[in-house]
Amino acid sequence: MSAQLEVQGLVRTFDGVRAVDEATLDVQAGSITGLIGPNGAGKSTLFNCVSGFLRPQSGRVTLDGKRIDRRAPHRIARAGLVRTFQTPRTLARMTVLENVAVAAPRPRNAEARAAKLLELVRLGEHADALAGTLSGGQRKLLDLVRALMVGPRVLLLDEPMAGVSPTLRVELLDHILAVRERDGVTLLIVEHDLDFVMRASDRVIVMNEGRVIAQGTPDQVRTDERVVDAYLGARHE
Amino acid sequence: MSLLEVEALEAGYDDALVLRGVSLCVDAHEIVAVIGPNGAGKSTMLKAVYGLVTLHGGSVRFDGENVTGMRPDRLTRRGLNFVPQTDNVFPTLTLAENLHVAALVLPKSERRAGIQRMRELFPIVAERRRQRAGTLSGGQRKLVALARAMVTRPRLLLLDEPSAGLSPQAMDLVFDKLVEINALGIGIVMVEQNARRALALAHRGYVLDTGRNAIEGSGADLLADRQVAELYLGGSATIASSSNSRSASSGMKPDTK
């Protein structure tokens, strides 16, 4: 395996505050990598820089060895890297099915493929409803399906489990594992549901105050003192 | 008579009916957890009780009075308040300003003392009073949102996913604070997808499914029930062993409606 996504010395500040502060990490091709850390650690800002929604002040991001940190989001998506949002962005006045179909890079069979993906997250029966009528958790799932529809090689998921019911979480874990197995998609996932992170991830990266403070296998990270202090709290040791 | 009595509530958005007859009651001093699949109507139920969604049927009684369809600001003055999942603070205002705005429902002479009490209950409000709420981390923001609701002197709080998006440590902080608030004699109804944690904390729980009541019972009983675990908790039943769990007091009853 080689690094498919590399982030080196990434810096992004807001009003002088360093949200991402010289973050360096890499994600191996075909792996599932968990990205954890306290609220405000810079995880979502890092996602925004990698996916082109924010421009970093310094540092570089490479996808398959090519620099992408000065490209627009749609060009990064075309290069194969797609992300989801913590607060999902859906087209409220279009139907659920249309929301997914418009994400298809090629129009052929788009609706049929969209319908199939919606079944996976139990949204099939809502295909013809306006996306604006979905609940918060359902919009989250719709956002995930839209990202899958693009057919990414690298998928960044920002808190895919937040607001999703426990039952569906178990199913989503299976889907995500299948996306990696079947389609060979590389996944980088920000998530606070530790049970999910520890089960799904080959490797876990921990951020705090804009920096990477630890990385390793789930077991290594779980018992790392710095991680317990900064993130888990003694009760989750 | 319960503090809050919700009877056969029907509500929705545009032509989509989300609640198809939901009932629930909450006693003063009680923590009640509401769980269920995505799209079951949990958040809509809270919004319907708090006057944010148009009702098609059913009734809401608070403290013995009919408050069905009453405006949110009037409900707040009566002691019923709601904390949404997101957009629950003014991001461009400082923490002090956020509290001042929330305290406007109190009589003028009582505002200062009310805000002072919140500085004691939520130390972050005092420590970072000049900081804009938009620059807070997720966990801190939830605490400020709770403080904004608490300053109105509620007897009952409706909370939409208080733990969503929080790190494990921040989640502990928020749940501990809810226990502390409840110990002050304030009732809590919380919708939660971290269902096990919520049920462990709650005196009683309701499961909603497709806009209807499915199952209700004590938090401990729901946690221990195999059917609930398989259908709604994503796994096998567990015996509640959390330090926060309550002892089972009332039996569980499947709702036959």
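**Note on the two-chain model**

1. In this predicted model, strand 1 and strand 2 of chain A form a hairpin with two residues between them. A:Asp15 lies in the turn and has a positive phi of about 50°.

2. A:Val7 illustrates both pairings. In strand 2 of chain A, the bridge partner of A:Val7 is A:Leu25; in strand 4 of chain A, the partner is A:Val61.

3. Chain A as a whole contains nine helices and 10 strands. Its radius of gyration is 17 Å, close to the 18 Å that the globule rule gives for 237 residues, so chain A is as compact as a globular protein of that length. Taken along the principal axes, the C-alpha atoms of chain A fill a box of roughly 50 × 40 × 40 Å.

4. Of the 237 residues of chain A, 50% count as buried. Among contacts in chain A with a separation of 6 or more, 66% are between residues 24 or more positions apart.

5. Chain B has 10 helices and 11 strands. For its 257 residues the globule rule gives 18 Å, and the radius of gyration of chain B is 18 Å, close to that value, so chain B is as compact as a globular protein of that length. The C-alpha trace of chain B spans about 50 × 40 × 35 Å along its principal axes.

6. Buried residues account for 49% of the 257 residues in chain B. Where contacts in chain B join residues at least 6 apart in sequence, 68% of them link residues at least 24 apart.

7. The contact between the chains draws 28 residues from chain B and 30 residues from chain A. On the side of chain B that touches chain A, the elements that give two or more residues are helix 6 (138-150), helix 7 (168-183) and helix 10 (226-233) of chain B. Helix 7 of chain B gives the most, with four residues.

8. As to composition, the side of chain B that touches chain A has 14 polar, 11 nonpolar and three charged residues.

Note on methods: Residues numbered from 1 in each chain as written. Chains lettered and ligands numbered in written order. Predicted model: local features only at pLDDT ≥ 70, side-chain atom pairs only at ≥ 80, totals over all residues. Contact = placed C-beta atoms within 7 Å. Nonpolar A, V, L, I, M, F, W, Y, C, P; charged D, E, K, R; others polar. Pairing = 2+ DSSP bridges. Rg over C-alpha atoms; globule rule 2.2 N^0.38 Å. Buried ≥ 20, exposed ≤ 12 C-beta atoms within 10 Å, placed from the backbone.
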